[in-house]
Amino acid sequence: MKLNHPNADWIIEYTDGRAVGPRKIESQGSTLLSFVHCRIDGVNDDELDTRKVRHFHKGGCAVFEGDGEFPSAQVRLKQTHRIAGNAIRATYDLTWPKATPLKSGLELGSMVLAGAWKKYFVVNADSTVAEWIPIPEELSTPLVIAPIPAAIVLEDAKGRRLEVGLGDDLWRWQKALNGEFLHATGRLELTRSGNRMTLRRYVAFCDAAAEAKAAAALAKDPRFMPGEDGAPAKEVPVSQPEARNYRFTSYLAWSAPEIEQDWSVKNDARTIEFDKNGELVRADLEAIGESPKLALDMASMPIDDSSRHAVKENAMPCWQSRKTQSLYRRVIRQLANFSQEGTLVLKNLTPGFCDIAVHESRRANAEHWDLPTIIDTLAWTRQILGTGWTILTPQEGIWKEMPSVSALGAPTGFRLSDL
């Protein structure tokens, strides 16, 4: 199964009939990455007993669904990939059975990178500019990045960039698997061999030293002395995940010069204010004309502080907030009803980090960020407004350097009119 964007130079290839992937992504004439995979204790998802595979289109996106089971661990894995523009948004659903230990580690979304990769930078809550770090020519010993950053952006010798990021659910990745020694053990590992590099993304990495230390302490505890038959009264600790369902989300994005925005071009869009209800005044739209050129300042959306990023004063809207989404989508539908064509400039559509738990439908401990949700929201915006609208999202700072943000508002490539 091959997918290609009608306006961009990339191809995504999946293995027919297999609940894994993608097998390969080509960009600008050559392979960018291959063998995107999941792995449990060194066994990758090529070994899955496939239950179901589907490819279809929905909401302007190409969608892949895969469902299978690791035969060695009886762990069920479902994957959903939503592809639009120059990004893939992935959801991993795991069903972990009882009495199934994790012996070495759980990987989700590891991959092999083709070509000569030269440098990288990471994105975390305190990042404001891209701080590029050279990638050593020799990487026989893994370069470890821990804990897992919200995103890592890599650049190769051709100037192509690849962005590997976590979903909004940072709290899930931080918590990892519910089991002793399995919290907050996630990491990225980069290794290089010849003309290819491997990126391994561990949700949980078994900590042998921690287990050994606990076992030694247990052996000295008189409450747990061996029984009459010589067997220990309590088993040596192992990395035992709680039997339950787990979900993790993530995304990939890559350079796509053909659909990226040129933010240096000045436009004559007129800024329109929101009214007190968060809508646009019809008279203001009619004053611009039938093919309007307008700008909306997202920072001025009439929402309360509980719908904004919680990390600083004068914060931008948090796009994980239901109230933010509700107001925004109402305005976009209003524009779609007003005109089939125009130019829309979304000012201050700035990603950020937040810990207001209700945004993640939780009571507490819910650190998240909203870049993945912004990617999804702009794909929806393109679907609603159609191809007659030009959508611009000017950015500053570190966000200007990220492939995922460079093509926000571009044609998704998978609307019915595009196919």
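**Figure 1. Helix α5 is mostly covered, with 12 of its 15 residues buried.** The structure shown here and in the following views is a predicted model. The buried set of α5 comprises Leu371, Pro372, Thr373, Ile374, Ile375, Thr377, Leu378, Ala379, Trp380, Thr381, Arg382 and Leu385. The charged residue Arg382 is thus listed among the buried positions of α5. The end C-alpha atoms of α5 lie 21 Å apart, in agreement with the 21 Å that its 15 residues should span at 1.5 Å a residue. After α5 comes Gly386, which has a positive phi, near 85°.

Figure 2. The search of the whole structure returned 3 cavities of 30 Å³ or more. A lining of 14 residues surrounds the largest cavity, and Ala84, Ile375, Ala407, Leu408 and Gly409 are those nearest its centre. Helix α5, residues 371-385, makes the greatest contribution to this lining, supplying 4 residues. One of the residues nearest the centre, Ile375, also belongs to the buried set of α5. By residue class, the lining of the largest cavity holds 8 nonpolar, 5 polar and 1 charged.

Figure 3. The lining of the second largest cavity is made up of 9 nonpolar, 4 polar and 1 charged residues.

**Figure 4. Glu107 of strand β10 forms a side-chain polar contact with Arg200.** The distance between the two side chains in this contact is 2.6 Å. Glu107 has a relative accessibility of 1% and therefore counts as buried, the cut-off for that class being under 20%. With residues up to four places away in sequence left out, Glu107 touches His37, Cys38, Arg39, Arg200, Arg201 and Tyr202. Arg200 is therefore both a residue touched by Glu107 and its partner in the polar contact, while Glu107 itself is buried at 1% relative accessibility.

Terms used. Residues numbered from 1 in each chain as written. Predicted model: local features only at pLDDT ≥ 70, side-chain atom pairs only at ≥ 80, totals over all residues. Heavy atoms only, no water. 1 Å grid on protein atoms, 1.4 Å probe; cavity = no way out; pocket = protein on both sides within 12 Å on 5 of 7 lines; lining within 4 Å. Points joined across faces, edges and corners; volume = space filled by probe spheres on them. Helix = DSSP H or I, 4+ residues; strand = E, 2+ residues; numbered from the N terminus. Buried < 20%, exposed > 50% of the residue type's maximum accessible area, 1.4 Å probe, protein only. Polar contact = N/O pair within 3.5 Å; in protein donor to acceptor, adjacent residues only side chain to side chain. Contact = heavy atoms within 4.5 Å. Expected span 1.5 Å × (residues − 1).
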